[in-house]
Amino acid sequence: MKPGLNAIMGATGSGKSSFLDVLAARKDPAGLSGEVLIDGAHQPPNFKCLSGYVVQDDVVMGTLTVRENLTFSAGAPAAGLRLSGGEGAESGETDPGAGARTADAGCFGGREEEDEHRHGADHRPPVLFLDEPTTGLDASTANSVLLLLKRVHLAAALNNSDVSSSSMQGIEDKLVQEYRKCSQYRETGAELERIMEGKKSSSSSSRSRTITYKTGFFTQFRWVLKRTFQNLLLNPQTSFAQIAVSLLLALIVGVIFFGVKNDATGLQNRMGALYFMAVDQCFSSQSSAELFIAERKLFIHEYISGYYRVSVYFLCKMLSDFITLRTIPAILYGCVSYFMIGLKPTVTAFFIFVFSITMVTYTATAMALAISADQTVVAIANIFMTIAFIVMMIFAGLLVNLRSIASWLAWLKYFSIPRYGLAALQINEFTGEEFLDYQGVDWSTWGLWQNYVALGVMTFCFLTIVYLKLRFIRKFT
């Protein structure tokens, strides 16, 4: 292919997208044969990071505006690049639709697809691949995209699958015959022979795939964290729903166990309330299952393009989810339920209570993420999480006395998240040594803190699993 605009044409299902993935080094090299040469030389291992690629599916953040998406794509992979002048001005500054959300009605009719084209060309790659660039665009917008590519003189491979095999077969045959008669066909054949001769004398190249980055860790962290929190602010329904559910459950448990007394009935009610709150924090954490599933395509596309490291994406998502969707609802839950039930009326006991349910929330969320990180369907992840939490409920220490469980099953109690939370809440609430001894709870100072240590270790292990799943997730088709 000569520098300039080149088109790969063919009928639907003829393998144009797969061929384009091979050329762009975005296909799993296993099972492939042959070589892809750039100016007669072998492809560099990081070619996919040096080139631009616009996929068929929209992989932009739908809650952000066109300008915000372009700003991120210009800032994360190449620090200091701004949308000013030339293509940038046309993309963001003078475009009347640049302030529209890419998922809003204002971006229908081609706006989101056009934004994806600009998104792929933001860092001005030497080679730009576009997979079906005119699909979903009206005639005017499609013409503007092609004129833009021609104007900036990018070496682009355009994949156009708008050819119907039934109605265009005769035209295709005629075009092939005419092409074989022209001088360009002979020149291309001679060029291929020259390349093949040079290939025989050169050593075979490695088919490894390498990701390279133009910016450092902290620059990527700043851009990704900014976009993550910006996405939360522009899509507050999830945060508000999580807070509303936490407050509703806190009111329910507060009304049911309102003003417990210091007698035998109050003892039973306190145990029931503490157990319900520990288990409730576990099941409330299931909403984190879609954290990585919803952005799976976006993450894979941006990662293999060299936008950011896996560790950057992982840390930013953890910070945004744990702070906004876990910490704040847990604190509000504790403030409402604690005083309605009438638990131990001391400042120290209140803060230990809030810290305990927050730790349970963190650990349960980490486990949910560890289960769902490599899943593609939220329902499947929810099934696994529900089974795990039900088993943990049985070994929490209320439904069955842990000392009476058979030895070959007793080891499961060490993996029960609500067990550690309930034990910490019991030590914080009750002062009777005899009752705690009967429950098999170590009420000493270390007995309290060993529950937090166990929850912390479990959280670390689960988050490590999450990172490893993201690190080794299949990123090539």
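Residues are numbered from 1 along each chain as its sequence is written, and side-chain values use heavy atoms, with hydrogens and water left out.

**View 1. Helix α11 against helix α14.** Helix α11 spans residues 264–284 and helix α14 residues 310–341. Helices here are DSSP runs (H or I, at least four residues), numbered from the N terminus. The two pack at an angle of about 160°, with axes 12 Å apart. Axes are lines fitted to C-alpha atoms over the stretch in contact, and angles run from 0 to 180 degrees between N-to-C directions. That angle makes α11 roughly antiparallel to α14 (over 145 degrees; under 35 is roughly parallel, 65 to 115 roughly perpendicular, the rest oblique). From α11, the contact (heavy atoms within 4.5 Å) takes Ala273, Phe276, Met277, Asp280, Gln281 and Ser284. Arg326, Ala330, Tyr333, Ser337 and Ile341 come from α14. By class, this contact has 6 nonpolar, 3 polar and 2 charged residues (nonpolar: Ala, Val, Leu, Ile, Met, Phe, Trp, Tyr, Cys and Pro; charged: Asp, Glu, Lys and Arg; polar: the others, Gly among them).

**View 2. Helix α15 against helix α16.** Residues 347–372 form α15, and residues 378–394 form α16. Their axes lie 9 Å apart, at an angle of about 140°. The pair is therefore oblique. α15 passes α16 in a right-handed crossing. Ala364, Met367, Ala368, Ile371 and Ser372 of α15 meet Ala381, Phe384, Met385, Ala388, Phe389 and Met392 of α16. The contact counts 10 nonpolar residues, 1 polar and no charged.

View 3. Helix α13 covers residues 296–304. Of its 9 residues, 7 are buried (under 20% relative accessible area, with a 1.4 Å probe and protein chains only; exposed is over 50%, partly exposed in between). They are Leu298, Phe299, Ile300, His301, Glu302, Tyr303 and Ile304. Just after α13, Gly306 takes a positive phi of about 80°.

**View 4. Confidence along the chain.** The average pLDDT (the predictor's confidence in each residue, from 0 to 100) is 79, and 81% of the residues score at least 70. Residues 79–94 fall below 50, with 34 contacts beyond near neighbours in sequence. Residues 201–206 are also below 50, with 4 such contacts. Where pLDDT is low, the predicted coordinates should not be read in detail.

Notes
Left-handed = near helix turned anticlockwise from the far one by under 90°.
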